[in-house]
Amino acid sequence: MTRSTTDEAAVPPLPSPKERRRLREAKSLSEEEVAAAVGVTRATVRSWETGRTSPRGRKRALYAKLIAPEPAVKPEVVKPPVVTAEAAAVVAGPVAAVPAAPDLPEASPLPEAPPAAPPADPPPPPPPAPVSDTRSGAEAADERRVSPAEAFDELYARTAPGLVRQTYLLTGRRTLARESVERAFELAWQRWPEVAVDRDPAGWVRAAAYEYAMSPWHRLRRTHRHPDAPPTEPGKRALFDALLDLPPAYRRTLLLYDGVGLDLPEIAAETEASTPAAAGRLMTARAAVAERFPELADAAPAEQSALLQDRLGGLARAEHVPVPRPARAVRTGSENKARLWTRAAVAGVALLIAVTGLTLHTAPTHYEPPISPPERVGGVPPRGGPQKLTAQDLKLQKSLSEQLAHGPERLVPRLE
């Protein structure tokens with residue numbers, strides 16, 4: 001085992017990304033301070049808190065020590081008073097008297113102990129345990145242990161109906177709300193070892209459902225291109241329109257704070273934003289909604305939050321939101337999808353290997369010059385050598401020969 005592996009094993013496991021951010025803000029530490037203490041950039045600290053990356057080696061140990069929660073103060077243990085041999089002898093009576101040791105100082109005399117009370121009647125013996133309860137504690141603990149499927153079903157039954165209504169207020173589409181929640185729970189079942197140990201499993205599923213519901217790719221689907229019909233009651237219809245007019249990030253922040261009841265640091269961690277940014281979105285969203293409801297504009301912040309919570313709850317309960325499928329059907333669908341994607345991945349890899357092998361088998365091993373395609377030639381091929389002179393060529397040849405024969409004489413240089 002290498003040294004880095006040993007160091008990572010000695011460091012306690014890091015909490016979940018949401019818990020990392022909460023611990024940092026609980027200690028009033030900014031991202032810049034954590035980055036300076038660990039020796040990384042601010043973007044690296046943000047990626048650690050969002051779960052995209054994780055620290056390693058010495059930086060992991062420093063980061064874990066920096067955000068570790070403070071240990072609880074243990075109460076002081078009161079030590080019993082020291083009883084000397086003489087005191088024990090006095091309390092026990094004259095029969096149990098023990099002479100004092102010569103090298104120890106004599107203890108101060110104690111007052112005479114009161115006469116001992118007569119012994120009370122011994123308590124009745126406990127009733128015999130039934131045969132069914134004589135099993136070991138390990139077997140009883142095994143029986144009380146909940147299986148992963150039962151834990152998932154319990155989480156689904158407790159959170160799925162309310163989460164569908166929340167997602168409906170976020171999107172304004174009933175079918176998309178049900179599809180988003182079922183998709184989030186299918187993803188949670190595929191990653192159940194991670195979700196089961198999370199500090200807030202319901203928050204994990206809620207964040208996955210909101211991310212899927214707010215995806216802009218749903219605009220390309222005909223069934224989810226337009227929102228459903230608004231409520232018929234004027235007050236609920238005005239609130240419904242006010243929510244849909246808000247930007248998705250502001251609508252989500254308002255719903256998490258006034259609808260779900262989360263605090264600003266938790267909302268900031270779930271929406272991957274800073275706490276001041278989440279506070280600004282909440283104030284802007286409240287102001288936009290209060291413009292359509294005068295009673296909200298005149299109320300105090302606490303009363304405004306209570307009124308919004310009541311109105312959002314009434315709007316969610318008044319609409320006929322489809323009930324999600326049973327938990328067993330969601331688990332079966334998740335397993336079938338995972339099995340289908342696994343088979344598709346295996347088939348794709350096998351096809352790629354087959355195509356690569358065929359290419360290697362049929363590829364040429366040396367260069368072969370290309371052969372030009374043949375062409376048909378009509379008649380007799382032309383004869384090689386000089387061509388036969390035409391009549392014009394012969395006439396020109398004759399004129400040139402005559403000019404050379406009767407041309408001027410050769411000039412010879414003369415010396416003077």
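Trainee: Arg-21 first. Is Arg-21 buried or exposed?
Mentor: This is a predicted model. In it, Arg-21 counts as buried, because its relative accessibility is 9% and the cut-off for buried is under 20%.
Trainee: Which helix does Arg-21 lie in?
Mentor: Helix α2, which covers residues 17-26.
Trainee: And what does the side chain of Arg-21 reach?
Mentor: The backbone oxygen of Ala-268, at 3.5 Å.
Trainee: Which residues does Arg-21 touch, leaving out those up to four places away in sequence?
Mentor: Glu-49, Ala-268, Ala-269, Ala-273, Ser-274 and Thr-275.
Trainee: Zoom out. How many helices and strands does the protein chain have?
Mentor: 19 helices and 0 strands.
Trainee: What share of the residues is buried?
Mentor: Buried residues are 26% of the 416 in the protein chain. The accessible surface is about 30,100 Å², and carbon and sulfur atoms account for 60% of that.
Trainee: And the contacts between residues at least 6 apart in sequence? What percentage joins residues at least 24 apart?
Mentor: 66% in the protein chain.
Trainee: New topic, α8. Where does helix α8 bend?
Mentor: At Thr-159, by about 40°. A proline, Pro-161, follows within four residues. The helix spans residues 148-171.
Trainee: Which residues of α8 are buried?
Mentor: Thr-159 itself is one of them. The list also includes Phe-152, Leu-155, Tyr-156, Ala-160, Leu-163 and Val-164.
Trainee: What comes just after α8?
Mentor: Gly-172, with a positive phi of about 75°.

Methods. Residues numbered from 1 in each chain as written. Predicted model: local features only at pLDDT ≥ 70, side-chain atom pairs only at ≥ 80, totals over all residues. Heavy atoms only, no water. Helix = DSSP H or I, 4+ residues; strand = E, 2+ residues; numbered from the N terminus. Buried < 20%, exposed > 50% of the residue type's maximum accessible area, 1.4 Å probe, protein only. Polar contact = N/O pair within 3.5 Å; in protein donor to acceptor, adjacent residues only side chain to side chain. Contact = heavy atoms within 4.5 Å. Areas by Shrake-Rupley, 256 points an atom, 1.4 Å probe, with all protein chains shown as cover. Bend = angle between axes of the 7 residues up to and from the residue.
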